[in-house]
Amino acid sequence: MIGNKSFPASLLDLPTVVESYKTYDDSFLVKAADIGQMVMVREDVDPAPEEVEYKHGLTPPMRDARRRRYRREPDLNAELVHRVEKDLISIMHGVSVSILLVCVICKIFLLIAME
């Protein structure tokens with residue numbers, strides 16, 4: 001409430017943690033807090049945000065920070081991961097690299113042929 005007018009507000013998560021610092025003598029900075037949320041105050045006519053996380057940061061360089069700074073998780077084929085895991089275990093147990101290489105090449109050709 002400012003004066004006699006009240007404004008709606010929403011608590012939103014920030015896409016990254018922001019560190020805040022304070023100083024006592026204008027030469028040394030002391031870390032004061034890690035900020036992970038913000039209060040967004042809006043006009044009565046503005047709609048409330050639908051997301052819980054604010055997709056932009058606090059400053060212009062952090063615009064659309066979630067999309068630009070973090071990768072999506074890759075789509076991994078579970079069968080391929082299992083095959084690679086088996087091959088690595090066999091390498092660790094001392095199977096000849098040349099035999100393993102032939103097996104890997106055959107598996108790659110089979111995968112290409114199946115697609």
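1. Is Asp-26 buried or exposed? Asp-26 is exposed, because its relative accessible area is 74%; the class "exposed" means over 50% relative accessible area, "buried" means under 20%, and "partly exposed" lies in between, with a 1.4 Å probe and protein chains only.

2. Some remarks on the basis of this note are in order. The model is predicted, so that local features need pLDDT of at least 70 and side-chain atom pairs count only at pLDDT 80 or more, while totals for chains, interfaces and linings use all residues. Residues are numbered from 1 along each chain as its sequence is written, and side-chain values use heavy atoms, with hydrogens and water left out.

3. The strands β1 (9–23) and β2 (29–41) deserve attention. Helices (H or I, at least four residues) and strands (E, at least two) are DSSP runs, numbered from the N terminus. β1 and β2 pair in the antiparallel sense over eleven bridges; two strands are said to pair if DSSP finds at least two bridges between them. Val-18 stands opposite Ile-35 in β2.

4. β1 and β2 form a hairpin, with five residues between them. Asp-26 is placed in the loop between these strands. Its phi is near 65 degrees, which is a positive value in a residue other than glycine.

5. By the rule applied here, there are three salt bridges. A salt bridge is a side-chain nitrogen of Lys or Arg within 4 Å of a carboxyl oxygen of Asp or Glu.

6. Lys-31 is partly exposed at 42% relative accessibility, and Glu-19 is partly exposed at 42%. Asp-34 is partly exposed, with a relative accessible area of 48%.

7. Asp-64 lies in the loop between β2 and α1 (65–69). Asp-64 counts as buried because its relative accessible area is 17%. Apart from neighbours within four places in sequence, Asp-64 is in contact with Lys-55 and His-56, where contact means heavy atoms within 4.5 Å. The phi of Asp-64 is near 55 degrees, a positive value in a residue other than glycine.

8. Helix α2 comprises 15 residues (78–92) and should span 21 Å at 1.5 Å a residue; its end C-alpha atoms are 21 Å apart, which agrees. The expected span is 1.5 Å times one less than the number of residues. Just after α2, Gly-94 takes a positive phi of about 95 degrees.

9. A salt bridge joins the side chains of Glu-79 and Arg-83, at 2.6 Å from N to O. Because they are four residues apart in helix α2, Glu-79 and Arg-83 are separated by about one helical turn. An α-helix has 3.6 residues a turn, so residues three or four places apart point the same way. Glu-79 is partly exposed at 39% relative accessible area, and Arg-83 is partly exposed at 22%.

10. Leu-80, Val-84, Leu-88 and Ile-91 form a nonpolar patch on the surface, with about 330 Å² of accessible area together. Patches are made of residues with over 30% relative accessible area and no salt bridge; like charges are joined within 9 Å, and nonpolar side chains (Val, Leu, Ile, Met, Phe, Trp, Tyr) within 5 Å. Accessible areas come from the Shrake-Rupley method with a 1.4 Å probe, and for residues only the protein chains shown count as cover. Val-84 lies in helix α2 and is partly exposed, with a relative accessible area of 41%.
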